[in-house]
Each structure stands twice: as structure tokens, then as C-alpha cells.
Amino acid sequence: MIVTVVGNPRPGSRTSAAARRLARRIAGDPGAPDLSVELAELGPALLEAGDRRVEAAIAAVRAARIAVVASPTFKATYSGLLKLFLDRLPGDGLAGVVAVPLMVGATEAHALAPELLLRPVLVELGATCPTRALYVLETEHDKEEVYDRWLAHALPRLNGSAC
């Protein structure tokens, strides 16, 4: 199962579109992802212990074979909304999950943000991240060639990671 987790505070964002596009390309399936978790739809429930929708989202991400974890770039890092969700996971909550960190931003100035900031927290949660993180410019989120370049290097690693 491939899941996307989207930390944009606006549902249906460019970040969401980029995450879904990447999931489809990784899976080689136009029907992918199997599930897309739009954290904006959970909103304040992320702060409530025991919320059923949040618990279901956590369970789905933990059960994923591959999780594309996506965020817009805010102040040179991932969103607070995504941080709230990741903080709800237990210490090794992503053990057994292959995670792909993805961030979307306005300029190349923050191109290292997903590698330096998002990837380490996913690894800390037990995920395997066998590829470089992907940074996509907002203006290029819908261009296949952006994903083609990344996938040329990433797919062999993803396919070799028990995917």
C-alpha cells in the first residue's frame, strides 16, 4: 500500500498534487496512492488524544509499504501541521515503512530543506529512506520531467528496499 501524508494547511494544494503525482509514478499505477491523508482535514483533531480520524490516519501510515510525506516549505522548513502529525507517532512508529520526503517551495533557496529537516525526523521515527529527498518548485509541481529526473535515481533504490 502506498500512502501520501500532506502537511499543507490547505486541502487540494500543489503540495497534495505533487505528492499524489509522485506516488503514482513510484507505484507505476495511475490509481495510486491507495490513501491520501490531508492533514488540513484533520486540523484541530491532531491536538486531541484519541480522535478516531487521527488514529485511523496514523494506523494507515504505519501500515503503508511506502509513504510519501509531503509539506510546503514554510520558513525554510516543513509545516507545523505535519510536525503535529509526526509527533503523534510512537518512537519507532514508522518501522517497516519506506518513506519518501517531499517538499514544495517557491525558490531554490530551500532545496536542501527536505533532506536536512524532514528526512531526519522520518528516520528518527524508524522509517527507511533509501533515496534522496525531493524538492519541487511550486511552478514546476505539474511537470513530469521534474519527477523523471528524481525517479531515474530513486526507483532502483525504492525497488531494492522491500517495496
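**Figure 1. Strand 3 and its parallel partners in the predicted model.** Seven bridges join strand 3 to strand 4 (residues 98-105), and the two strands run parallel. Within this pairing, the bridge partner of Pro72 in strand 4 is Val104. The structure shown here and in the following views is a predicted model. Strand 3 is also joined to strand 1 (residues 2-6), with which it runs parallel, by five bridges, and the partner of Ile2 in that pairing is Ile66 of strand 3. Strand 3 itself spans residues 66-72 and is mostly covered, seven of its seven residues being buried. Burial extends to both faces of the strand, with Ile66, Val68, Ala70 and Pro72 on one side and Ala67, Val69 and Ser71 on the other.

Figure 2. Five strands, in the order 2-1-3-4-5, form an open sheet in which the pairing is parallel. Strand 2 and strand 5 stand at the edges, where each has a single partner strand, so one side of each is left without a neighbour in the sheet. On average, and with direction ignored, neighbouring strands of this sheet are turned by 20° against each other. Strand 1 and strand 2 pair in the parallel sense over four bridges, and in this pairing Val3 has Leu35 of strand 2 as its bridge partner. Helix 5 packs on the sheet, where it touches strand 3, strand 4 and strand 5, and its direction makes about 145° with that of strand 4.

**Figure 3. The largest nonpolar core and the surroundings of Leu122.** The largest nonpolar core has 33 residues, of which Leu39, Phe85, Leu86, Leu118 and Leu122 touch the most other members. At least two residues of this core are supplied by each of strand 1, helix 2 (39-42), helix 3 (52-63), strand 3, helix 4, strand 4, helix 5 (113-124) and strand 5 (134-137). When neighbours within four places in sequence are left aside, Leu122 is in contact with Val69, Leu86, Leu94, Ala99, Pro101, Ala127 and Cys129.

**Figure 4. The buried side of helix 4.** The buried residues of helix 4 are Leu81, Leu82, Phe85 and Leu86. These residues cover an arc of only 135° around the axis, and therefore lie on the same side of helix 4. The elements that cover them include strand 1, helix 2, helix 3, strand 3 and helix 5.

**Figure 5. Ser71 in strand 3.** Ser71, whose place is in strand 3, has a relative accessible area of 0% and is therefore buried, the cut-off being under 20%. Residues up to four places away in sequence not being counted, Ser71 touches Gly7, Thr15, Tyr78, Ser79, Leu82, Leu102, Met103 and Val104. The C-alpha atom of Ser71 is separated by 15 Å from that of Leu42, a residue 29 places apart from Ser71 along the chain.

**Figure 6. Backbone geometry in two loops.** Most residues other than glycine have a negative phi, and most peptide bonds are trans. In the loop between strand 3 and helix 4, Lys75 has a positive phi near 50°, and Ala76, found in the loop between strand 3 and helix 4, has a positive phi near 70°. Lys75 counts as exposed at 83% relative accessibility, whereas Ala76, with a relative accessible area of 29%, is partly exposed. The peptide bond from Ala32 to Pro33 is cis, with omega near 0°, and Pro33 lies in the loop between helix 1 (14-27) and strand 2 (35-38).

Figure 7. Arg21, found in helix 1, has a relative accessible area of 18% and, because buried means under 20%, is classed as buried. Apart from residues up to four places away in sequence, which are not counted, Arg21 touches His141, Asp142, Glu144 and Tyr147.

Terms used:
Residues numbered from 1 in each chain as written. Predicted model: local features only at pLDDT ≥ 70, side-chain atom pairs only at ≥ 80, totals over all residues. Heavy atoms only, no water. Buried < 20%, exposed > 50% of the residue type's maximum accessible area, 1.4 Å probe, protein only. Pairing = 2+ DSSP bridges. Core = buried A, V, L, I, M, F, W, Y, C linked by side-chain atoms within 4.5 Å. Contact = heavy atoms within 4.5 Å. Arc of directions from axis to C-beta. Axes fitted to C-alpha atoms, helices over the stretch in contact; angles between N-to-C directions.
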